[in-house]
Amino acid sequence: MLDSRFVDRHIRILFPLPALLFIAIMMVFPILYTFSLSFTTWNLASGMPPRFVGLNTYIEVLKEPRFWAAMGRTFYFTFLAVGCETILGMIWALILNREFFGKEGIKLLLLLPLVSTPVAIGIAWVLFYEPTIGLANWALKSLGLMPLKWIADQNTVIPSLVLVDIWQWTPMMTLIFLAGLASLSPEPYESARVDGANGWQIFWHITVPMVVPIILTGIVLRSIDAFKTYDIIYTMTNGGPGFASETLNIYAYNLSFNYFRFGHAAVVLFFLFLIVLSFSFLVNRLKDRGHG
Amino acid sequence: MDKTRLYYKLSSFSKGFLFFLLVLCILIPVVFPFLWMLDASFKTQKDITSIPPRFLISRTMENYRRVFEEQNFLRFFFNSAVVGVSATLISLALGLPAAYSIARYRQETYRFTILVARLMPGISLLLPWYLMFSRLELIDTFIALILSHILIGLPIVVWTMSSYFQSVPLEIEESALVDGVTRQRIFVNIVLPISTPGIVTATTLSFLFSWNNFMFSQVLSMENTKTLPLAVYNFVSYAEVDWGAVMAASIAIITPAIILTMIFQQYVVKGLTVGALKG
């Protein structure tokens, strides 16, 4: 047994140690290993062991149009989804930001899309979008509009997937904004009212500046998650039709587990890691500013 | 006089009515897909595929029977529960002391490491894990799955709890320190008991995210340890999709998540918004 005095004195090392060891073995080591793979070419299907090729694999990946297409698509998906969710979430939060009977019940219902298993949600939306038997086209036809092919068409697949993301995550934005609005201090409002400001002025000059940091943090957190969206896209389209919905995540998965080109996959993962790391710095910066 | 009162009454009534309509505009799109899935799970294939759609027409339990008897879904429930519960418990055991130390001694580097772990896309770890675990012959074992799911739970625990511990007043701990109680005893006997709400939040979220995870099982598990999301996904990879059964399976997988959320609603909301408000 460890001496209790010893534990007491070295608590700031001993307490985080098991968690840090775990992170080191399960996260840091795998990332370094992937990094080392990125300097090799290794195709499992060829039966050859990994071969060191320097920066060659990087050059190959950077020359690959499919990589850039996936990169662009990932950002497009993220901006479109998070943009709509922010605006819609703001509107919803402003509507719900008052005391009324049944508010807790509504908050509970808002939680449902974001705690539901994405795979199940994705499959339900596949049926919804089904061109012949799906509700989506039936609704369009009932309104006298042209039916769409939704996720089966290269031009509409990303917006269709974004719509699922919006359905699933707008409630999250709403809850973040609601919590933010509830945390605002009432004093500026009272003095503004005394000074005779109208509703719009109060919203624009008092509410907006106070909630901007919360909105920003919400946007950054949501962007990271949207950037990583995998389950919904994989279950609904698996990157198709063609490669029309192949994001970086799906591309990396396909390289790893369908083509077994581990070296190339490692390079894509390296870029993905860099992007996420810069997002993390951004979150940290925002958090520091919130504390200061 | 009466006229103005009537006017006010009418205007407050119409305002209330307008508000009610606005709330409905939010609720219907949020809730409708769930009701539609639930309805479809009790329909025959013929009724599901009929156009125009008809609701609340058939009440067959056949879909659920196929899911639970023919597909033996209880086994996947069991697998998911084993992985979720073990990963969450281990995450708490590792994460609570770490979060406490990070909060008390302002270990910002550790906090940042955990943040990176929280934001890391699972796919970046999947390839090295797959290679690691196949070399150790741990593919399709609970060990590999649980280890991978701890990397879901641990960052959630540390992230939620370090900001929670920061809000615990220092005075209680200081007076105990003066009395010569060791720091680890203070943590176990004083800090943990008053932090129950935070721990409930961390536990619920950690379990939920593990329960819903699809990507890790997709590569690390096969027949022996297949978890629910993978089992549901396998349903649609057949040539002709049995929609009724798929909907029944989907309802079956989200029901535990929804029940947990209903019980711990306040905690879930706090946990999901804490990152944005306090970090």
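Predicted model: local features only at pLDDT ≥ 70, side-chain atom pairs only at ≥ 80, totals over all residues.

Me: Is B:F78 buried or exposed?
Reply: B:F78 is exposed, as 12 other C-beta atoms lie within 10 Å. The cut-offs are 20 or more other C-beta atoms within 10 Å for buried, 12 or fewer for exposed, and partly exposed in between, with C-beta atoms placed from the backbone.

Me: And where is B:F78 found?
Reply: B:F78 sits in helix 4 of chain B. Helices are DSSP runs of H or I with at least four residues, strands are runs of E with at least two, and both are numbered from the N terminus.

Me: Ok. How many helices and strands are in chain B?
Reply: Chain B has 14 helices and zero strands. Its radius of gyration is 24 Å, well over the 19 Å from the globule rule for 279 residues, so chain B is more spread out than a compact globule. The radius is taken over C-alpha atoms, and the rule is 2.2 Å times the number of residues to the power 0.38.

Me: What box do the C-alpha atoms of chain B fill?
Reply: Roughly 80 × 75 × 30 Å along the principal axes. In chain B, 48% of the 279 residues count as buried.

Me: What about helix 12 of chain B, how many of its residues are buried?
Reply: Seven of the nine, so helix 12 (residues 228–236) of chain B is largely enclosed by the rest of the structure. Among the buried ones are B:L228, B:P229, B:Y233 and B:F235.

Me: What do those buried residues pack against?
Reply: Parts of both chains. From chain A there are helix 7 (118–129) and helix 12 (231–236), and from chain B there are helix 4 (73–104), helix 10 (196–212), helix 11 (215–220) and helix 13.

Me: Helix 13 of chain B again. At what angle does it pack with helix 3 of chain B?
Reply: About 70°, with the axes of helix 3 (residues 62–70) and helix 13 (residues 243–263) of chain B 8 Å apart. Axes are lines fitted to C-alpha atoms, for helices over the stretch in contact, and angles run from 0 to 180 degrees between N-to-C directions. Helix 3 and helix 13 of chain B are therefore roughly perpendicular to each other, a label for angles of 65 to 115 degrees.

Me: Which residues meet there?
Reply: B:N63, B:Y64, B:R66 and B:V67 of helix 3 meet residues of helix 13 including B:G244, B:M247 and B:A252. Contact here has C-beta atoms, placed from the backbone, within 7 Å.

Me: Switching topic: how many residues of chain A are in contact with chain B?
Reply: 76 residues of chain A, in contact with 74 residues of chain B. Helix 14 (residues 262–291) of chain A gives the most to chain A's side, with 14 residues. That side divides into 56 nonpolar, 14 polar and six charged residues. Nonpolar covers Ala, Val, Leu, Ile, Met, Phe, Trp, Tyr, Cys and Pro, charged covers Asp, Glu, Lys and Arg, and the others, Gly among them, are polar.

Me: How do helix 3 of chain A and helix 6 of chain B cross?
Reply: At roughly 90°, and the axes of helix 3 (residues 17–37) of chain A and helix 6 (residues 122–135) of chain B come within 9 Å. Residues in that contact include A:M27, A:Y33, B:L125 and B:W129. By class there are nine nonpolar, two polar and no charged residues.

Technical notes. Residues numbered from 1 in each chain as written. Chains lettered and ligands numbered in written order. Contact = placed C-beta atoms within 7 Å. Parallel < 35°, antiparallel > 145°, perpendicular 65-115°, else oblique.
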